[in-house]
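Subject: Structure handover

Hello,

Here is the structure you are taking over.

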Amino acid sequence: MTQHLAAPAHHPTSGTHTGWWRDAVIYQVYPRSFADGNGDGMGDLAGIRDRLPYLKELGIDAVWLSPFYASPQADAGYDVADYRAIDPVFGNLHDADALIRAAHELGLRVIVDLVPNHCSDQHDWFRQALREGPGSRLRERFHFRPGKGVNGELPPNDWESIFGGPAWTRVEEPDGNGGEAGGEWYLHLFAPEQPDFNWEHPAVQDEFRSILRFWLDLGADGFRVDVAHGLVKAPGLPDIGGSEQLKLLGNDVMPFFDQDGVHEIYRSWRRILDEYEGQRVLVAEAWTPTVERTALYVRPDEMHQAFNFQYLTTNWDAQELRGVIDGSLAAMRPVGAPTTWVLSNHDVTRHATRFANPPGLGTQLRDQGDRELGLRRARAATLLMLALPGSAYVYQGEELGLPDVTDLPDEVRQDPSFFRAEGQDGFRDGCRVPIPWTRSGSSYGFGSGGSWLPQPDSWGELSVEAQTGVPGSTLELYRAALAVRREHPGLGAGDAVTWLDAPEGVLALARDGFVCTTNTTGADVELPVPGALLLASGPVAFGEGAGGGTVVLPADSTAWWAV
Ligand code: GLC
């Protein structure tokens, strides 16, 4: 395999303010659920490569691939056993190389997922650390501690795992050589199969710098950094002491999240990326208490982008949306980073289902709610998102308007948190069901060998085949919106919006030569015609009002106007 550089020719190549990512639409591929090339029921790299033309035609700029590394799959690949190898379920390094090359030939960038907070309990370092017993130098690369209590039978502190249960697991020492105190405990903020690295250790730091280079050399255009807020823990691993416990998808201040020490790590990574040609990017998955804290991750010498989870968790409410949009733009402006926008990903209930349910229920829903309402709002929300300055993330299948699958039987579920008491994220399988490509056939075109999670009967009618060329379908809406965005490069540019007067429950925002109107109410709203209609998520109707031309914007819809 030879080294090759990533930049497709038509993109600018220098300057923080001209980076390709600033207004990019980035499509998240969840490899196990996108397309199955070898018919084993699990998606793979060959399947993704085959479908790249679909992504090109959709009109996105880049693909972010969730983990495909060698892994026992205890947490769907977020438990990495070897950061430089591909899991056989997904293919091999030649497939990865071929996929990156094929994407570049189409002018698509490729962002890979880096998981630095923890590895798999099958990672060589961890296995050896266990084998060597207490006192092993390799144990220093993780957080091993003796237990509390007379016989070390209590965990070293009171932290709980995000997936439920204690964040510590006690090991059985080889030949009982833990002595009288018995086995040591190790820290895992997630599943027991995901031991946390000790980021104070130089070997851990060196290893990840080397892993970055490995993927940059292979042509990756950047990294989505998993749990970027978690790497550094407060000195001494202090107890939390309250009943409030871990929430990844929350905003609580915790001694294991958003510690200031993480920033030095990202500065050192940034220096590595800057050595490479072709504008490579770092994207933070950082759940922090405020957007201002998130902005710290994207200061000029750190990462380039951070997910905007405040936006993802905002209800379908004009005032709330406006507040978050303004707050996000204001928080990023001082650091000069583009704001990002996201509505769905592999960890939360799809937005078509979130918006089908009453507000305030969180991101793990178990009910379909009012599907028609949810889809109407989801389409409107997407057009609003794509009208905002900055970069937008789209999760596979949302362009088909897929709902979450809320009735998966317990016996098919694979999300590790489903099986642990009081896990907060136990219903993530519902957004991970393989996507439908064709109206009928084995797994609706996902592959020839079935699908690792069962697909609902309704999947055929939601397939790519069923929606292609159908005016008004959600797929054609996404295609049209992304085409307009490409034709009007000003749409994603800049760092501000101008709010126009609008009736209660309606958002009207202006950008250069462009107006976006969003009706978040459940009733039609009549407005003066803002300009020439470019695109709408619902059927707008024109009429003659008292002061001239008017338009009726249907309930829960967005329209784009050229002005
Ligand atoms: C991130 C991933 C999630 C995973 C967790 C542990 O939040 O998005 O899927 O379970 O990290 O790696």
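The notes below cover the sheets, the helices on them, the salt bridges and a surface patch.

This is a predicted model, where local features need pLDDT of at least 70, side-chain atom pairs count only at pLDDT 80 or more, and totals for chains, interfaces and linings use all residues. Residues are numbered from 1 along each chain as its sequence is written, and side-chain values use heavy atoms, with hydrogens and water left out.

Some terms first. Helices (H or I, at least four residues) and strands (E, at least two) are DSSP runs, numbered from the N terminus. Two strands pair if DSSP finds at least two bridges between them.

Look at strand 5 (residues 109–114) and strand 9 (residues 222–225). Four bridges pair them in the parallel sense. L114 has V225 in strand 9 as its bridge partner.

Axes are lines fitted to C-alpha atoms, for helices over the stretch in contact, and angles run from 0 to 180 degrees between N-to-C directions.

A second open sheet has five strands in the order 14-15-16-21-18, with antiparallel pairing. Strand 14 (498–499) and strand 18 (532–536) are at the edges, each with a single partner strand, so one side of each lacks a neighbour in the sheet. Strand 18 runs antiparallel to strand 21 (residues 557–562), joined by four bridges. A532 has A562 in strand 21 as its bridge partner.

Helix 9 (residues 318–332) lies across strand 14 and strand 15 (506–511), at about 30° to strand 15. Helix 11 (residues 371–386) lies across strand 15, strand 16 (514–519), strand 18 and strand 21, at about 35° to strand 21.

**Salt bridges**

The whole structure holds 30 salt bridges (a side-chain nitrogen of Lys or Arg within 4 Å of a carboxyl oxygen of Asp or Glu).

E207 pairs with R84, with the closest N and O atoms 3.0 Å apart. E207 lies in helix 5 and R84 in strand 4 (residues 82–86), so the pair ties together parts 123 residues apart in sequence. R84 is partly exposed at 25%.

R213 and E275 also form a salt bridge, 2.9 Å from N to O. This one links helix 5 to helix 6, 62 residues apart. R213 is partly exposed at 30%, while E275 is exposed at 53%.

R299 forms a salt bridge with E302, at 3.0 Å between the closest N and O atoms. E302 is buried, at 0% relative accessible area. Salt bridges with shared partners join D75, D347, D415, R428 and R432 into one network.

**Surface**

F542 is in strand 19 (residues 541–545) and is partly exposed, at 49% relative accessibility.

Best wishes

Notes:
Buried means under 20% relative accessible area, exposed over 50%, partly exposed in between (1.4 Å probe, protein chains only). Contact means heavy atoms within 4.5 Å.
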